[in-house]
Amino acid sequence: MTGYRTPLGRARGLGSAKDGVGRFISERVTSVALLFLVIWGVRSALGLSRAGYAGAVHWLASPVNAALMVLLAVAGFLHMQVGMAVVVEDYIEKPSTKAVLLLINAFVCWAGLALTVVCLLKVALSGGGA
Amino acid sequence: MADATPGARPRPLSPHVMHWRWHVTMAASILTRVTGVGSYIGLLLVAGWALALASGPEAYDDYMGLLGSIPGQILLFGFTLAVFYHLAAGVRHLMWDLGKGYLPSTANATAWVAIIFALVASVAVWALYLLGS
């Protein structure tokens, strides 16, 4: 059967996917944002480690802290989804396993992002509480 | 997949991982992936912190108690190392994206800088934490 195919027919579909630049760019944009957000986050974590519950609620009541925490969550979870997708695509060959793992990865990252942002906003806007 | 043309030369394969000589840029590349996965777990810990904070004082104290236990502290120290290494490795990658730092001597040097930065920054942050509390 292969002998009947033209060279063009054999080559078709073997080139670049014509797709994926958006992901490449989003990985870089989130990485630049995270350079700053992570350093701010580590510094904040040092303060929060001895602030206790009341101190943490008070800290998150500041709009600047709340906004930066939300940005850290958004950039972090997006970067983490793209990064883990690359790892899965590199090491998992079986298409069905790969698809399932990519789906789990996407769900974990988006669920983690939604939960984190809702929790942060709840505390920031209401001052904590159960 | 390409159809094998009868009589064609087999396509060249890249050497298997066991045939590479270990060098620092290779270690740096592997560490970038490993610390990326480590930071993945770490960010889930941060999500847990936000959930505990939103769940009230008891849940928050329980969660901070878990993080303050010996296994929790080891996990957090690992997270610190992973984040700082991945951060430095990210800067290397951004420089490469700009077309800089490809000379083997430069790549070797920046690999060592990233590893040493991760160790020094992590120890410094934890020294601040332990001295402050």
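Biologist: So, how many helices and strands are there in chain B?

Modeller: Chain B comes to 4 helices and 0 strands; helices (H or I, at least four residues) and strands (E, at least two) are DSSP runs, numbered from the N terminus. Before we go on, this is a predicted model, where local features need pLDDT of at least 70 and side-chain atom pairs count only at pLDDT 80 or more, while totals for chains, interfaces and linings use all residues. Residues are numbered from 1 along each chain as its sequence is written, and chains are lettered from A and ligands numbered from 1 in the order in which they are written.

Biologist: And chain A, how many helices and strands there?

Modeller: Chain A has 5 helices and 0 strands, so to speak α-α-α-α-α along the sequence.

Biologist: What's the radius of gyration of chain A against the globule rule?

Modeller: It's 21 Å, well over the 14 Å that the rule gives for 130 residues, so chain A is more spread out than a compact globule. That radius is taken over C-alpha atoms, and the rule is 2.2 Å times the number of residues to the power 0.38. The C-alpha trace of chain A spans about 75 × 30 × 20 Å along its principal axes.

Biologist: Switching topic: how many residues of chain B are in contact with chain A?

Modeller: 29 residues of chain B are in contact with 30 residues of chain A, contact being C-beta atoms, placed from the backbone, within 7 Å. Helix 1 (24-54), helix 2 (57-68), helix 3 (70-97) and helix 4 (104-132) of chain B each supply at least two residues of that side.

Biologist: Which helix of chain B gives the most to it?

Modeller: Helix 1 of chain B, with 11 residues. The chain B side divides into 18 nonpolar, 7 polar and 4 charged. For those classes, Ala, Val, Leu, Ile, Met, Phe, Trp, Tyr, Cys and Pro count as nonpolar, Asp, Glu, Lys and Arg as charged, and the others, Gly among them, as polar.

Biologist: At what angle do helix 5 of chain A and helix 1 of chain B pack?

Modeller: Helix 5 (residues 95-126) of chain A and helix 1 of chain B pack at about 35°, with their axes 8 Å apart. Axes are lines fitted to C-alpha atoms, for helices over the stretch in contact, and angles run from 0 to 180 degrees between N-to-C directions.

Biologist: Which residues make that contact?

Modeller: Among them are Gly112(A), Leu115(A) and Val123(A) from helix 5 of chain A, and Leu44(B), Ala47(B) and Ala54(B) from helix 1 of chain B. The residues of this contact divide into 10 nonpolar, 2 polar and 1 charged.

Biologist: And what does Ala50(B) touch, leaving aside its neighbours within four places in sequence?

Modeller: Ala50(B) is in contact with Thr116(A), Cys119(A) and Leu120(A).

Biologist: Which residues touch the most other members in the largest nonpolar core?

Modeller: Of its 44 residues, Leu120(A), Val123(A), Ala50(B), Leu53(B) and Tyr85(B) do. Such a core is a set of buried Ala, Val, Leu, Ile, Met, Phe, Trp, Tyr and Cys residues joined through C-beta atoms within 7 Å; buried takes 20 or more other C-beta atoms within 10 Å of a residue's own, exposed 12 or fewer, and partly exposed is in between. Helix 1 of chain B gives the most to this core, with 11 residues.

How values were computed. Two residues are in contact if their C-beta atoms, placed from the backbone, lie within 7 Å.
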